[in-house]
Amino acid sequence: MVKLITYNFNGSRKRLASILSAATRDHVDAIFGQEMHYYEVGHFDLVATARTMGWDAYHNPATKDDPKGGTAIFIRIDSQTITRTKDPPVEGCGSRYISVPVQIEGYLAKLQNFYFHSKDAPRQQMIEEISTKGYLNRGGIIAGDFNMLDDPLIDCEKGEYTANAGFKAWRAETSKKGLTDAYRKFHGYEAKSGFTRRHGTNYTRIDRFYIRRHFSLFHIVRIEPDP
């Protein structure tokens with residue numbers, strides 16, 4: 001069994017250390033990290049820091065032009081289920097996408113991590129790049145902070161989520177690749193639940209996993225938000 005989490009670090013180095021420690025304790029195999037933020041060269045070495053804590057980090061670093069971007073995938077060095085292949089990671093969308101080829105219990109797969117812009121126009125540009133360059137892989141496990149809802153009718157409660165431009169194009173892109181929202185695949189497509197963000201009265205589910213809709217190599221046994 002493989003155990004995965006997705007987490008927005010909001011640029012916090014202290015949070016990085018605490019999450020890696022907790023993930024080691026809980027036997028997490030890989031972490032999809034977003035909003036790693038920009039640091040001047042020499043101020044913070046994310047890869048080296050993760051290594052000292054027992055994790056291999058694959059990092060698409062944020063830039064001065066997009067300082068709140070940055071994505072990373074952390075794989076526990078002593079994981080018994082995930083091993084790296086010789087193929088190099090793929091980066092794109094500035095610093096907001098990274099894909100790491102792996103084997104999961106002997107099966108080839110790609111861990112794909114996205115951090116979508118919170119603003120409508122650059123988010124839509126990201127979707128266009130993803131479509132044009134064919135980043136989505138139907139054999140992969142996709143996760144991230146999408147900053148938009150997959151279904152505005154059931155992924156938002158006690159408020160309105162208006163900054164959702166691009167969600168139809170994103171749904172079309174995932175559908176074209178035969179991918180589906182893993183939470184909904186497991187829990188059903190009716191109930192409002194699984195909210196990952198709670199801001200005042202506005203509850204949303206903008207952090208998600210996607211897997212193949214049919215004939216997936218991976219069977220979900222549990223998926224839930226952090227309480």
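How many bridges join β10 to strand β13? Select residues 202-204 to find β13, which runs antiparallel to β10 and is joined to it by two bridges. Click on Cys 156 and look across: its bridge partner in β13 is Thr 204.

A quick word before we move on. This is a predicted model, where local features need pLDDT of at least 70, side-chain atom pairs count only at pLDDT 80 or more, and totals for chains, interfaces and linings use all residues. Residues are numbered from 1 along each chain as its sequence is written, and side-chain values use heavy atoms, with hydrogens and water left out.

Now bring in the rest of this sheet. It is an open one made of three strands, in the order β10-β13-β12, with antiparallel pairing (strands are DSSP runs of E, at least two residues, and helices are runs of H or I, at least four, numbered from the N terminus; two strands pair if DSSP finds at least two bridges between them). Look at the edges: β10 (156-157) and β12 (197-199) each have a single partner strand, so one side of each has no neighbour in the sheet.

Next, select 167-176, which is helix α4. Colour Phe 167, Trp 170, Glu 173 and Thr 174: these are its buried residues (buried means under 20% relative accessible area, exposed over 50%, partly exposed in between, using a 1.4 Å probe and protein chains only). They cover an arc of only 120° around the axis, which puts them on the same side of α4 (the arc is taken from the directions from the helix axis to the C-beta atoms). On the other side of α4, you'll find Lys 168 and Lys 176 exposed.

What do the buried residues of α4 pack against? Show α3 (120-133), β11 (179-181) and β14 (207-212), and there you have the answer (contact means heavy atoms within 4.5 Å).

Last stop: show Tyr 97, Phe 114, Phe 116, Tyr 135, Phe 146, Trp 170 and Tyr 210 together, a cluster linked by ring pairs.

Note on methods
Phe/Tyr/Trp six-rings, centres within 6.5 Å; stacked < 30°, edge-to-face > 60°.
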